[in-house]
Structures are given as C-alpha cells and as structure tokens.
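Here are my notes from a first pass through this model. Have a look at the picture, then read along.

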Amino acid sequence: MENMDDKLEKVNFLGGYLASARSEDQILDMAIHITRDILGFDHAIIRLLEGDALLSKKYIGFPREAADIIIHLDEGISGEAARNGKSILVEDTTKDPRFIAGVENCRSELCVPIKYDEKTIGIFNVESEQAAFFSESDKRLLETLSSQMAAALAATRLREELAKTEKLSILGRMASSILHDIRNDIHHLNISSDLLSRKDVPPERVVKLAGLVKKSADNIYALIEDIFDFVKTGRATLVKKESLIAETLEPVAEQARELGGNRVEVKLFVEPGLAVSMDRRRFRRVMLNLARNGVEAMPDGGTLTITAKKADGVVKVKVSDTGVGIPKSNLAKIWEPLFTAGKKDGAGLGMAIVKQIVEDHGWSIGVESEEGKGTTFTVRMG
Ligand SMILES: Nc1ncnc2c1ncn2[C@@H]1O[C@H](COP(=O)(O)OP(=O)(O)OP(=O)(O)O)[C@@H](O)[C@H]1O
Ligand SMILES: [Mg+2]
C-alpha cells in the first residue's frame with residue numbers, strides 16, 4: 001500500500017494537471033482516473049448539480065442504466081452529501097438505509113461534495129466491494145482532489161463565458177462598422193434620389209444614378225449578410241476572386257463624384273489589365289471610405305486623384321486629395337476606432353474598418369499628409 005505522502009504528492013500533481021485541462025470532460029476524466037490510481041476503488045461516479053438534480057458526468061465500473069439514474073437532492077447518500085455539503089463515509093452499505101444500489105456488490109462507499117466558493121456543484125462518489133474499504137484519510141484526500149477539480153471546472157466555465165463575451169464584443173464592433181457603412185450607403189441613396197427627382201436631369205445621368213441606387217441597396221444587403229455570416233461562423237469570411245482593378249475603382253470614382261458635387265474634381269488613372277485576388281465588396285468599402293474622407297477634407301473644393309499601378313510586382317492604389325491635411329500629432333491616431341477630428345458628424349470608424357480589411361487580405365496601408373496641402377493614402381496589395 002502506498003503511504004500517505006505518496007498519495008498526497010499525487011493529489012498535488014493532479015491539481016496542477018487539472019488546471020491545464022481545456023474542457024469539463026477532460027477535467028472529469030483526468031480526475032476519475034487519477035483517483036482510481038490513488039484510492040483503488042472498484043466503481044466511481046462524478047455527478048454535477050443542475051437545478052436540484054445530480055446528473056452523471058463521468059463514471060467507471062457502473063452500468064450505463066445505473067449511471068443514468070437522476071438523483072435528486074432529497075435522495076440517497078449522494079443527495080445528502082450534496083445537500084449538506086458534507087462528506088459521507090459508509091463502512092457497510094447493507095446497514096445503511098439511505099443507500100441506493102447502483103452496482104451489485106457495493107459494500108462500502110465514500111461520497112464527497114464537489115465545492116467551489118462554498119457552493120456545492122456536484123458529488124464525487126467512490127465505492128468498493130469490500131466493507132470498510134475507505135479510511136478517514138482517504139476521505140480527506142478525496143476532498144482535496146474534489147476541491148482542485150472544482151477550481152479547474154470553475155476556470156473552464158469562466159473561460160467559456162469569456163469566449164462568449166469576446167464573440168459578442170467582436171459582433172458589437174462589426175455591427176457598428178457595418179452600421180457606419182450602411183449610413184454611408186443611405187447617404188448615397190439620398191443624394192441620388194434628390195438628383196433623380198429634379199426635372200432637368202439628362203436621361204443618361206438618370207441611368208447612372210439608378211445604377212448607383214442599385215449598388216447602394218446591394219451593398220446594404222451584403223453588409224447585413226456579413227453579420228449573419230459572422231453569427232454563424234464566428235468570423236467574417238473573405239470571398240476572394242481575381243478581380244480587375246479598373247472594374248472595382250470606376251464605381252468608386254463615380255460615387256466620389258456624386259459626393260463631391262461640382263466642387264470636387266475626381267480623376268481616375270488605372271494601369272490597364274491590373275488584376276488582384278480580393279474580396280471585391282470589401283475592397284470597395286476600403287476605397288469608398290478613403291474617397292469619402294478625401295472629399296470631406298476638401299470643403300472648399302479640390303481634386304481627388306485615384307491611381308493604380310504595378311511597381312516591383314506589387315499593385316499599389318493611391319488615393320490623394322488636395323484638402324486640409326492631417327496634423328502630425330494625429331497621423332498615428334487616425335486608425336483607431338472612434339478617432340475623429342474636424343468633422344461635424346464623424347463616427348471615427350472609417351479608417352479602422354479600412355485597416356482591418358486591408359490586414360485581413362495580408363496587404364498594408366500607409367499615409368502621407370501635409371497640413372494645408374493634402375493627403376495621400378497608399379494601399380499595397382501584396
Ligand atoms: N484624407 C483625409 N484628409 C484629412 N483628414 C483625414 C483624411 N482621412 C482621415 N482623416 C482624419 O482621420 C480621422 C479619422 O477618419 P475616419 O474615416 O476613421 O473617421 P471619420 O471620417 O471622422 O468618421 P467616419 O466614421 O464617418 O468615417 C478623420 O476624422 C480626419 O480627421
Ligand atoms: Mg471617414
């Protein structure tokens with residue numbers, strides 16, 4: 001027989017080991033196997049409390065039907081141990097009227113509550129086919145083991161809660177980024193419908209405006225899809241396709257022209273044939289946010305220039321404006337969510353969204369700016 005010191009050492013070892021377990025099942029599995037090693041029981045069962053029922057979570061040597069029996073707090077030895085939060089050592093089960101037989105040949109039993117923070121969260125029950133098999137020191141060992149198990153269980157529960165909270169907070173951030181872009185699309189819808197309701201709009205312009213209305217509406221749908229996508233899979237998935245840069249930038253330049261009215265000139269230069277693998281819709285979100293910031297930086301008019309070129313094997317898209325510029329002290333802050341400066345109703349989300357999408361693609365973005373002269377953003381797509 002092992003001496004008490006060896007047993008204690010094993011219990012301590014188990015404690016450290018349990019803390020590294022990742023799931024409830026893993027913890028219970030480790031606990032029951034190491035306990036068998038230490039106490040040498042014939043059968044054992046761990047039940048956790050749900051409401052007023054003790055449900056079997058892990059067992060060794062019990063027939064399935066016996067383990068599946070639900071024990072309530074007012075039943076049997078397990079019920080009493082859980083109810084009172086006190087261990088029960090039964091030397092001879094044939095003489096104990098509280099005993100509910102799960103397995104034939106069970107002659108002695110030790111049942112300890114699993115407690116965390118003074119609260120009972122379950123019971124750990126070990127049984128032997130010999131009478132008076134478990135001792136008082138076994139009882140103390142099992143109590144120590146159980147409290148280590150309880151701490152490990154509490155830690156995994158906390159981790160699961162945190163993961164849930166994290167998912168919610170990402171969802172919250174996504175929701176605000178998406179609402180921000182929906183607001184922009186509604187802004188486009190408003191401008192287009194104002195223009196469309198004028199009597200003097202030439203027919204080809206009507207066609208163009210109708211196209212913009214359609215694009216904005218499609219975009220709003222797609223953004224809502226993003227949220228559903230995330231709720232289902234836990235992350236936003238990029239839908240990448242080899243895409244012609246010119247095809248994605250032309251509608252952006254068009255929208256920038258609508259935003260800028262007749263005070264802003266919008267120029268677009270794209271090297272012919274440039275193509276990049278990208279999530280086209282998200283790339284459009286990037287470009288629209290950059291273009292809109294550019295237009296907003298030129299309240300007294302100016303020029304917005306969008307260029308796309310390949311240099312050293314990398315496609316670079318630049319968005320330049322001749323606007324107010326960004327003070328040096330703000331240059332690093334513009335990427336932070338909620339940072340906004342010099343605008344009536346800026347949410348401060350545009351650049352944070354831009355950065356996120358650019359990084360999701362494995363690209364990079366940089367900015368150069370001079371106060372009073374203008375700003376240039378460069379997206380390196382690769
Ligand atoms: N092209 C630019 N010229 C001058 N300042 C800019 C430019 N782009 C960004 N900024 C500065 O960076 C800040 C952050 O931009 P960001 O797009 O994140 O937020 P916002 O435009 O204020 O609000 P919104 O969430 O509506 O886009 C802006 O408020 C502005 O001060
Ligand atoms: Mg912005």
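The points below go through the sheets, the helices packed on them and the cores.

1. Before anything else, this is a predicted model, where local features need pLDDT of at least 70 and side-chain atom pairs count only at pLDDT 80 or more, while totals for chains, interfaces and linings use all residues. Residues are numbered from 1 along each chain as its sequence is written, and chains are lettered from A and ligands numbered from 1 in the order in which they are written.

2. Start with the open sheet of 6 strands, in the order β3-β2-β1-β6-β5-β4 with antiparallel pairing. Strands here are DSSP runs of E with at least two residues, helices are runs of H or I with at least four, and both are numbered from the N terminus. Two strands count as paired if DSSP finds at least two bridges between them. At the edges stand β3 (71-72) and β4 (88-90), each with a single partner strand, so one side of each has no neighbour in the sheet.

3. At the β3 end, β2 (residues 53-60) and β3 run antiparallel and are joined by 2 bridges. Leu54 has Ile71 in β3 as its bridge partner. Helix α4 (residues 76-84) packs on this sheet and touches β1 (43-50), β2, β3, β4, β5 (108-116) and β6 (119-128). A contact means C-beta atoms, placed from the backbone, within 7 Å. The direction of α4 makes about 30 degrees with that of β5; axes are lines fitted to C-alpha atoms, for helices over the stretch in contact, with angles from 0 to 180 degrees between N-to-C directions.

4. Now the other open sheet: 5 strands in the order β8-β10-β11-β13-β12, with mixed pairing. Its edge strands, β8 (264-270) and β12 (364-370), each pair on one side only. On average, neighbouring strands in this sheet are turned by 10 degrees against each other, direction ignored.

5. By contrast, β10 and β11 run antiparallel, joined by 8 bridges, and Ala311 is partnered by Val314 in β11. Their hairpin has 2 residues between the strands, and Asp312 takes a positive phi near 50 degrees there. β11 (residues 314-321) also pairs with β13 (residues 374-381), antiparallel over 7 bridges; Asp321 has Thr375 as its partner in β13.

6. Helix α7 (residues 245-260) packs on this sheet, touching β8, β10 (302-311) and β11, and its direction makes about 175 degrees with that of β8. How close do the axes of α7 and α8 come? They come within 9 Å and cross at roughly 30 degrees. The two helices are therefore roughly parallel, a label for angles under 35 degrees. Residues making the contact include Leu249 and Val252 of α7 and Met287 and Ala291 of α8.

7. Which residues have the most contacts inside the largest nonpolar core? Met287 and Ala291 do, in a core of 37 residues. Such a core is a set of buried Ala, Val, Leu, Ile, Met, Phe, Trp, Tyr and Cys residues joined through C-beta atoms within 7 Å, buried meaning 20 or more other C-beta atoms within 10 Å of a residue's own. The largest share, 7 residues, comes from α8. A second, separate core has 34 residues, including Phe41, Val112, Leu141 and Leu153.

Conventions
Contact = placed C-beta atoms within 7 Å. Buried ≥ 20, exposed ≤ 12 C-beta atoms within 10 Å, placed from the backbone. Parallel < 35°, antiparallel > 145°, perpendicular 65-115°, else oblique.
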